[in-house]
Amino acid sequence: MNETPEPIDPADLPEPTTPAVPPSSADEPRQAVMLAAFEGWNDAGGAATAALLHLHDVWGADEIAAIDPEEYHDFQVNRPVVTTSDDGRREITWPTTTVTAVTVPASGRRVVLVHGIEPSMRWRTFCRELLDIAESEGVTTVVTIGALLADVPHTRPIPMTATSESVGLRAVLDVEQSSYEGPTGIVGVLQHAAAERGMQSVSLWAAVPHYVANSPSPKATLAILARVEELLSDPVPLGDLPEEAVAWQHGVDELAAEDAEIAEYVQQLEEAKDTAELPEASGEAIAREFERYLRRRDNGSGGPLP
């Protein structure tokens, strides 16, 4: 005859044990990041702001704030623009700074994008207002993006410089502390203000060939986006940018071929560039490109920024 089992006293159950393997850090939310670029002194060839606008479009960012330009811009320097709407009304567009945000699907990271024109005045107040918005979005890292004119050839990869005032990030990203001393733009002030708030900060700069300084500069924009992708480990759809960069380089090739002095100058820049980078043109550079390829293939898992 089967006996009815006695009910189990919960007190007799064994204590739950701690899992041998802790939860994966991949399950933790990625830290929010702000990317900022401004037209003007910090934006050679329009490369930096073009990168921000590209990210806005491919990630489908939504506007979350707009900085009132009344307190920060000299409208005789950056004039408002009058246009006519489809219904015939006259409209004025002011030189404001727009803040958009998106949660990147691949990683779930919150990214805040800042695009505007370098303000004419009250930079400290302007930066405080931007960083207040950043904090409200949970941003812990501010990445400023700029482009400068330099003695570099258009036929070689666009040089990118990354620096940080954050000791921890310098170790993780293998970047240097900036040694630059001299006049700075709004991106330099914003980076400094972010560091004073205890935020991490990174500064990215693309070097645009000075003899083709006019906007657009798709090859430089492409280089910036590659570095952003590397920092965030979030794949960035490039769209037509690679083809535009090739077309841009071919166009400059044709212009240089028509002027013997320019062609000779470009050749000198090429020789100087190749000589300077010869020790690096091997394993380390190839490894970085291969890591970028793997991140794209794996849909952006892992990466330098937490």
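Colleague: Buried means under 20% relative accessible area, exposed over 50%, and partly exposed in between (1.4 Å probe, protein chains only). With that settled, which kind of model is this?

Modeller: This is a predicted model, where local features need pLDDT of at least 70 and side-chain atom pairs count only at pLDDT 80 or more, while totals for chains, interfaces and linings use all residues. Residues are numbered from 1 along each chain as its sequence is written, and side-chain values use heavy atoms, with hydrogens and water left out.

Colleague: Thanks! How many helices and strands does the protein chain have?

Modeller: There are eight helices and nine strands, taken as DSSP runs (H or I, at least four residues; E, at least two) and numbered from the N terminus. The protein chain has 306 residues, of which 41% count as buried.

Colleague: And what share of the contacts joins residues at least 24 apart?

Modeller: Looking at contacts between residues at least 6 apart in sequence, 79% join residues at least 24 apart. Contact here is heavy atoms within 4.5 Å.

Colleague: Which α6 residues are buried?

Modeller: Leu241, Ala245, Trp248, Gln249, Val252 and Ala256. They cover an arc of only 95° around the axis, so they sit on the same side of α6; the arc is that of the directions from the helix axis to the C-beta atoms. On the face turned away from that buried side, you'll find the exposed residues Glu243, Glu254 and Ala257.

Colleague: Over to α1, then. What do its buried residues pack against?

Modeller: Their partners are β1 (32–39), β5 (97–103), β6 (110–117), β7, α5 (218–232) and α6. The buried set of α1 includes Ala47, Leu52, His54 and Trp59. The length works out too: the 13 residues of α1 (47–59) should span 18 Å, and its end C-alpha atoms are 18 Å apart. Just after α1, Gly60 takes a positive phi of about 65°.

Colleague: New topic: how many salt bridges does the structure hold?

Modeller: Nine, each being a side-chain nitrogen of Lys or Arg within 4 Å of a carboxyl oxygen of Asp or Glu. Arg109 pairs with Asp234, with the closest N and O atoms 3.6 Å apart. That pair links distant parts of the chain, as Arg109 is in the loop between β5 and β6 and Asp234 in the loop between α5 and α6, 125 residues apart.

Colleague: Is that pair buried or exposed?

Modeller: Both Arg109 and Asp234 are buried.

Colleague: What about Glu91: which residue does it bridge to?

Modeller: Arg89, at 3.9 Å between the closest N and O atoms. Glu91 counts as partly exposed because its relative accessibility is 33%, whereas Arg89, at 53%, counts as exposed.

Colleague: And within α5, how far apart are Glu230 and Arg227?

Modeller: Three residues, which means about one helical turn separates them. Their side chains meet in a salt bridge at 3.3 Å, N to O, and both residues are buried. Elsewhere, salt bridges that share partners join Asp87, Arg89 and Glu91 into one network.

How values were computed:
Expected span 1.5 Å × (residues − 1).
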